[in-house]
Amino acid sequence: MNLDAIPRDRLPALLCAMPKAELHIHIEGSLEPELIFALAQRNGVSIPYASVDALREAYAFTDLQSFLDIYYAGASVLLKEEDFFDMAMAYFRRAAADHVVHAELFFDPQTHTERGVSFETVIDGLTRAGETAQRELGVSSALILCFLRHLSEEAAFETLEQALPFRDRFIGVGLDSSERGHPPEKFARVFAKCRELGLRLVAHAGEEGPPAYIWSALDVLKVERIDHGVRCVEDPALVKRLAAERVPLTVCPLSNVKLCVYPDMAAHQLGALLDAGLCATVNSDDPAYFGGYMNANFLATFDALPALGARQAYQLAKNSFEASFVDEALKAAWEQKLDKAFAAF
Ligand code: ADE
Ligand code: ZN
């Protein structure tokens, strides 16, 4: 396949049509303002915004924390199993339209259990949506439970305890929420326990936090993927290690610009990460808040970074399959599908 022969004007169509996996999506971050208002009404929850437009106008973030404050307020409308089901189905429909063949979904149980919603309610709705998406849309998926790093490790242990009766419904654990001041090592013991239990391990690191947080996510938590990780470029020894070990980075370009990690998309380091031989992937993070789902992320990135072409598009899709937590046979089947899609251009 001659990737360099694909003309640049065919790139947007190619980016949209190519099969891909999404590995960094907080399902609560897929809650669109329209659905927030509909669920608020259905559940009799009041929200401090007069309209869908007023809520959308509040999405002007200056950093991660300014986003998280609104994100947790938005999630407060989720009370019943069907709310979690409806939210996840809306995401799966958007993902299928973007030719996402597989999605590994983060969910934040503590955001809900703190409000009196049971772990069972959350996971029942998400599980049913995952089964429905496979059956009706042909999208496969898995769940990754995230611990909120602004809370204590003791609270994470309590959440793990609540989750264990549902051990077969999620494949791994992650670490999200406010990064600065909450280094990975704060969760060393709970991650060690999860490792003993055979769970897959990931963590947000190097989004706003320093490269040192990526080192400790790898060496202390022993994670298999780094979520975001873009600040690794500040540390050449770290870049070398990530490349040598092919530790995947789940990069989220629109998120990085919306949360002011970069002043604009032209400053994004995705091209540099690929050039360094890293297993970087493109993901949407919190698509309802950051201006788009998977294809919007690919389109915005390739539009702003002229060094990215068909070769990088192919690599990013291939990386997303390589970095996913599925068996090798399934990865090989998706790679064949990818080759077929590129052959059509
Ligand atoms: N929770 C939801 N989105 C997040 C992000 N981008 N970083 C950390 N925690 C999050
Ligand atoms: Zn994230």
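**View 1. Donor residues of the zinc ion (ligand 2) follow the spacing H-x1-H-x177-H-x80-D in sequence.** H24 is a residue of strand β1 (residues 20-26), while D285 belongs to the loop between β8 (280-282) and α14 (287-290), so this pair ties together parts that are 261 residues apart in sequence. The model shown here, as in every view, is predicted. The protein donors are NE2 of H24, NE2 of H26, NE2 of H204 and OD of D285, and they lie 2.0 to 2.2 Å from the zinc ion (ligand 2). The arrangement of the four donor atoms is irregular because the angles they subtend run from 84 to 174 degrees. For a tetrahedral label, all angles would have to lie between 85 and 135 degrees. H24 and D285 are both buried.

**View 2. The backbone at D285 and at K222 has a positive phi in a residue other than glycine.** At D285, phi is near 65 degrees. This residue, found in the loop between β8 and α14, is also one of the protein donors of the zinc ion (ligand 2). Its relative accessible area is 2%, so D285 is buried. Phi of K222 is likewise near 65 degrees. K222 is found in the loop between α10 (211-221) and β6 (225-228). With a relative accessibility of 39%, K222 counts as partly exposed.

**View 3. The largest nonpolar core contains 113 residues.** The members that touch the most other members are F92, F107, F147, F191 and Y289. Helix α5 (residues 81-97) supplies the largest share of this core, with eight residues. Apart from this core lies another, made up of five residues, among them I144, C146, V202 and F325. In soluble globular proteins, nonpolar side chains tend to be buried together.

**View 4. F92 lies in helix α5.** The relative accessible area of F92 is 1%, so the residue is buried. Leaving aside residues up to four places away in sequence, F92 touches A103, L105, A129, G130, A133, L137, V139 and S141. A217 is 125 residues from F92 in sequence, and the C-alpha to C-alpha distance between the two is 29 Å.

**View 5. F147 is among the residues that touch the most other members of the largest nonpolar core.** Contacts of F147, not counting residues up to four places away in sequence, are with Q110, A156, T159, L160, V173, G174, L175, D176, V190, F191 and C194. Of these contacts, F191 is also listed with F147 among the core members that touch the most others.

**View 6. The structure holds 16 aromatic pairs.** Y59 and F61 form a stacked pair, with 5.9 Å centre to centre and 25 degrees between the planes. Both residues of this pair are buried. Y91 and F92 form a tilted pair, with 5.6 Å centre to centre and 55 degrees between the planes. Y91 has a relative accessible area of 1% and is therefore buried. Ring pairs also link Y59, F61, F67, Y71, Y72, Y289 and F290 into a cluster. Within this cluster, Y289 is also one of the residues with the most contacts to other members of the largest nonpolar core.

**View 7. Arginine side chains lie over the faces of F85 and F325.** R128 lies over the face of F85, at 3.9 Å from the ring centre. R225 lies over the face of F325, at 4.1 Å from the ring centre. F325 is also a member of the nonpolar core of five residues, which includes I144, C146 and V202.

**View 8. G292 lies in the loop between α14 and α15 (294-304).** At a relative accessibility of 10%, G292 counts as buried, because the limit is under 20%. Not counting residues up to four places away in sequence, G292 touches L254, S284, P287 and N297. K193 is 99 residues from G292 in sequence, and the two are 36 Å apart in space, C-alpha to C-alpha.

Conventions. Residues are numbered from 1 along each chain as its sequence is written. Chains are lettered from A and ligands numbered from 1 in the order in which they are written. This is a predicted model: local features need pLDDT of at least 70, side-chain atom pairs count only at pLDDT 80 or more; totals for chains, interfaces and linings use all residues. Side-chain values use heavy atoms; hydrogens and water are left out. A nonpolar core is a set of buried Ala, Val, Leu, Ile, Met, Phe, Trp, Tyr and Cys residues joined through side-chain atoms within 4.5 Å. Buried means under 20% relative accessible area, exposed over 50%, partly exposed in between (1.4 Å probe, protein chains only). Helices (H or I, at least four residues) and strands (E, at least two) are DSSP runs, numbered from the N terminus. Contact means heavy atoms within 4.5 Å. Rings of Phe, Tyr and Trp (its six-membered ring) pair if their centres lie within 6.5 Å; planes under 30 degrees apart count as stacked, over 60 as edge-to-face and the rest as tilted. A charge sits over a ring if NZ of Lys or CZ of Arg is within 6 Å of the ring centre and within 35 degrees of the ring normal. Donors are N, O and S atoms within 2.8 Å of the metal (3.2 Å for Na, K and Ca); water is not among the atoms, so sites may look incomplete. Four donors count as tetrahedral if all angles lie between 85 and 135 degrees; four count as square planar and six as octahedral if opposite donors are over 155 degrees apart and all others between 65 and 115; anything else is irregular.
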